[in-house]
Amino acid sequence: MDTIKILLSATVALLLAAVVLSWQRMQEGVANAPPDDLARVDAQIQQLKVEQQRLDAERQLRTLRAATPPATNANTNTVPPDQPAATATDRTTELEQRLREAEEKAAKLERDKNVARDEAGLIAQRDLEKRDKELRRARLIKQALLIATVTEYVENPDVGSFAVIRVDRPESVEPGTILDVRRNTGVLGKLKVGELNGTEAIANPIPESFMGNPIDIRPGDELILPPPF
């Protein structure tokens with residue numbers, strides 16, 4: 001176990017040295033490096049430093065505990081003659097505190113890293129959507145709240161075409177409500193809710209909303225409120 005700890009500590013030290021060297025070269029050779037790159041390298045350095053501190057504290061604590069024999073009875077502790085019991089106890093407490101602080105710092109850095117990664121992903125997504133309107137449209141459609149689901153579609157020349165739908169959110173539906181027909185990340189057309197009976201309703205397609213395409217409604221199609229494109 002000690003060998004593994006030593007190897008881990010050495011590995012962290014080597015990684016820290018490599019990152020610091022990369023940081024120095026970046027500062028010397030790339031004066032106009034993007035701020036995001038500089039921040040990322042700085043975060044890596046901080047994380048490695050904290051991990052090094054944690055390993056050092058843990059190693060020192062294990063060494064101290066190994067050098068302090070267990071108590072011989074309930075009231076007497078046996079410690080090396082050149083190290084008073086109080087000194088050993090104080091040192092152990094100090095190392096334990098350092099270890100806790102290092103672990104807390106490491107946990108905070110990990111949380112901050114995850115938050116930064118999520119924020120970077122969101123910013124990148126928004127930048128893409130500014131250039132690609134269809135990408136934004138697809139996201140809004142995909143994220144729209146499911147209101148109802150088509151369970152059956154009937155094409156009858158006598159009574160007309162209609163869909164039988166299961167209403168998942170009755171509070172959002174009433175006779176006359178217009179819902180978009182979602183399939184994957186696209187909207188095929190619109191349905192207008194007519195007769196409503198509890199969690200089941202009849203809805204009629206609005207032909208012009210299908211943009212000249214054949215009305216294609218299938219069981220399993222999802223119905224959503226029109227997103228704010």
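Mentor: A nonpolar core is a set of buried Ala, Val, Leu, Ile, Met, Phe, Trp, Tyr and Cys residues joined through side-chain atoms within 4.5 Å. Buried means under 20% relative accessible area, exposed over 50%, partly exposed in between (1.4 Å probe, protein chains only). This is a predicted model, where local features need pLDDT of at least 70 and side-chain atom pairs pLDDT 80 or more, while totals for chains, interfaces and linings use all residues. Residues are numbered from 1 along each chain as its sequence is written, and side-chain values use heavy atoms, without hydrogens and water.

Trainee: Which residues touch the most other members of the largest nonpolar core?

Mentor: Val150, Ile165, Leu191 and Leu223 do, in a core of 17 residues. Two or more residues each come from strands E1 (146-156), E2 (160-167), E3 (178-183), E4 (186-197) and E5 (200-205). Strands are DSSP runs of E, at least two residues; helices are runs of H or I, at least four; both are numbered from the N terminus. E1 gives the most, with 4 residues. A second, separate core has 5 residues, including Leu61, Leu64, Leu95 and Leu99.

Trainee: Why does Asp221 count as buried?

Mentor: Because its relative accessibility is 4%, and the limit is under 20%. Asp221 lies in the loop between E5 and strand E6 (222-224). Beyond four places in sequence, Asp221 touches Ala148, Thr149, Val150, Val181, Arg182, Arg183, Leu188 and Asp216.

Trainee: What does the side chain of Asp221 reach?

Mentor: The backbone nitrogen of Arg218, at 2.8 Å. A polar contact needs N or O atoms within 3.5 Å, one able to donate a hydrogen and the other to accept it.

Trainee: Why does Ile217 count as buried?

Mentor: Its relative accessibility is 7%, so Ile217 falls in the buried class. Ile217 is also in the loop between E5 and E6. Its C-alpha atom is 6.6 Å from that of Tyr153, 64 residues apart along the chain. Tyr153 is one of the residues Ile217 touches, as are Val150, Arg183, Leu191, Pro205 and Phe210.

Trainee: How many helices and strands are in the chain?

Mentor: There are 4 helices and 6 strands, running α-α-α-α-β-β-β-β-β-β from the N terminus. Buried residues make up 27% of the 229 residues. Of the contacts with a separation of 6 or more, 58% join residues 24 or more positions apart.

Note on methods:
Contact means heavy atoms within 4.5 Å.
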